[in-house]
Amino acid sequence: MAAPEEPELSQAQTEKLLQFQDLTGLESMDQCRRTLEQHNWNIEAAVQDRLNEQEGVPSVFNPPPSRPLQVNTADHRVYSYIVSRPQPRGLLGWSYYLIMLPFRFTYYTLLDIFRLALRFIRPDPRGRVTDPVGDVVSFIHSFEEMYGRSHPVFYQGTYSQALNDAKRELRYLLVYLHGDDHQDTDEFCRSTLCTEEVITFINARMLFWACSTSKPEGYRVSQALRENTYPFLAMIMLKDRKMTVVGRLEGLIQPEDLINQLTFIMDANQTYLMSERLEREERNQTQVLRQQQDEAYLASLRADQEKDRKKREEQEQRRQEEEKVRQSALAEERRRRTLEEEKERKSECLPPEPPADDPESVKIVFKLPNDTRVERRFLFGQSLSVIHDFLFSLKETPEKFQIVTNFPRRVLPCLPTDEQPNPPTLKEAGLSRSEVLFVQDLTDD
């Protein structure tokens, strides 16, 4: 029995599928699709869940029996640094701690019970992200109202966009999750995050993305990164062609300690980043070389095509010229044959030459253009057209000609015209018994 076909993806789902494959480096498109479908096509949660699997943190679809309090620092895949709260000192400190302990325990227990009951009554609104950019921008505004505008440059975009930019630019991405209700959040923001040395360090070396966990976008990233306490910082970079969490900092950390820990994480992973940069540069050089080779090949191909085109055009031009010459030769041959046939017909139709003693005979000497002389007798009563036909039948006579008297010089009207359809006779033309006429070539005209 054939397996049912998977439904076709929409354009938005296809874009998310390609983006997820690019961020995670997975080669199998089916695996990418299954992962996104498990996360209801939530690309941020799917990407982070994939990062967690690479770090050794269980997937959200296979949770452990009990959630560990911290990541094992012996695991070389992810560096984890947790700052514990200072223990009370002296009799007064321990007395205050023990007195406040029941109140704190009762407060946080009741708060957790209230939140749990509220979750059963009304689903957590943070579970549905509708405007991730708006969540980030809203947090930035709230942060500046509370702590001022002197802070590291916040990335004003979604978590997924920050991952994309960090991957494209081969930069570190520092993620900060802001816990509004945590007792150490305010001190961390004022005493650590907004100090001049931390601001300068972060702005010069990495992208900085932050959001409150009370916002849907921050809550979603929190569910993916699974922080243990606040303040929480995660360092992410491109490692082995995948965006990977390489460091986790949790707890109230001091400015100098924060800079030292971030520097340690960057130094420990600098070789990976350099390797990625070299590999990308090699890919770019290979791509440029391939592009240059393709352009050279296309240029050579266009040159060959142009050469072939010109060769075909020259061949076609020669063929047309040869055909034109051949057609001209055929036309000339047809014209020559037609002329010969016409000359033969004219010769056959000529009246016989009268005898010399005929009193009506006229002796005419014709001087041809080639300086030859032809002599023949005609009758006075014959038309001038007979003279023209006689000369036309001769091989030496040009195709077109006219007959001219010497003195006075005049052209004899030997051919019929509209004004004179019947040419005059020799007598009417005023010829004497002996004449010398000149044949003038009109072929060029």
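A hairpin of four residues links strand S8 to strand S9, and that is a friendly place to start. This is a predicted model, in which local features need pLDDT of at least 70 and side-chain atom pairs count only at pLDDT 80 or more, while totals for chains, interfaces and linings use all residues. Residues are numbered from 1 along each chain as its sequence is written, and side-chain values use heavy atoms, with hydrogens and water left out. Helices (H or I, at least four residues) and strands (E, at least two) are DSSP runs, numbered from the N terminus.

**The sheet around S8**

- Five strands make an open sheet with mixed pairing, in the order S7-S6-S10-S8-S9; two strands count as paired if DSSP finds at least two bridges between them.
- Strand S7 (373-379) and S9 stand at the edges with a single partner strand each, so one side of each has no neighbour in the sheet.
- Helix H11 (residues 384-393) packs on this sheet, where it touches strand S6 (361-367), S7, S8 and S10, and its direction makes about 125° with that of S8. Contact here means heavy atoms within 4.5 Å. Axes are lines fitted to C-alpha atoms, for helices over the stretch in contact, and angles run from 0 to 180 degrees between N-to-C directions.
- S8 (residues 401-405) runs antiparallel to strand S10 (residues 434-441), and five bridges join the two.
- Along that pairing, Ile403 has Val439 in S10 as its bridge partner, and Phe401 stands opposite Asp441.
- On the S9 side (residues 410-411), two bridges join S8 to its antiparallel neighbour, with Val404 opposite Val411.
- Is S8 mostly covered or mostly uncovered? S8 is mostly covered, with four of its five residues buried. Buried means under 20% relative accessible area, exposed over 50%, and partly exposed in between (1.4 Å probe, protein chains only).

**A well-enclosed helix**

- Eight of the 10 residues of H11 are buried, so H11 is largely enclosed by the rest of the structure.
- Among the buried residues of H11 are Leu384, Val386, Ile387, Phe390 and Leu391.
- These buried residues of H11 pack against helix H10 (255-349), S6, S7, S8 and S10.

- Helix H5 (residues 132-147) and helix H9 (residues 216-225) pack at an angle of about 100°, and their axes are 7 Å apart.
- H5 and H9 are therefore roughly perpendicular; angles under 35 degrees count as roughly parallel, over 145 as roughly antiparallel, 65 to 115 as roughly perpendicular and the rest as oblique.
- Which residues meet between H5 and H9? Pro132, Asp135 and Val136 of H5 meet Pro216, Glu217 and Arg220 of H9.
- That contact is made of three nonpolar, no polar and three charged residues. Ala, Val, Leu, Ile, Met, Phe, Trp, Tyr, Cys and Pro count as nonpolar, Asp, Glu, Lys and Arg as charged, and the others, Gly among them, as polar.

- Most residues other than glycine have a negative phi, and most peptide bonds are trans.
- The bond from Tyr230 to Pro231 is cis, with omega near -10°, and Pro231 is in the loop between H9 and strand S4 (232-239).
- The bond from Phe407 to Pro408 is also cis, with omega near -5°, and Pro408 is in the loop between S8 and S9.
- Arg226 has a positive phi, near 55°; this residue is in the loop between H9 and S4 and counts as buried at 17% relative accessibility.
- Arg241 has a positive phi, near 65°; its place is the loop between S4 and strand S5 (242-250), and Arg241 is partly exposed at 48%.

**Salt bridges**

- A search of the whole structure finds 21 salt bridges. Each is a side-chain nitrogen of Lys or Arg within 4 Å of a carboxyl oxygen of Asp or Glu.
- Glu313 and Arg309 meet in one of them (2.3 Å, N to O); both lie in H10, four residues apart, about one turn of the helix.
- Glu316 pairs with Arg319, their closest N and O atoms being 2.6 Å apart; both lie in H10, three residues apart.
- Arg335 and Glu399 form another salt bridge (2.3 Å, N to O). This pair links distant parts of the chain, from Arg335 in H10 to Glu399 in the loop between H11 and S8, 64 residues apart.
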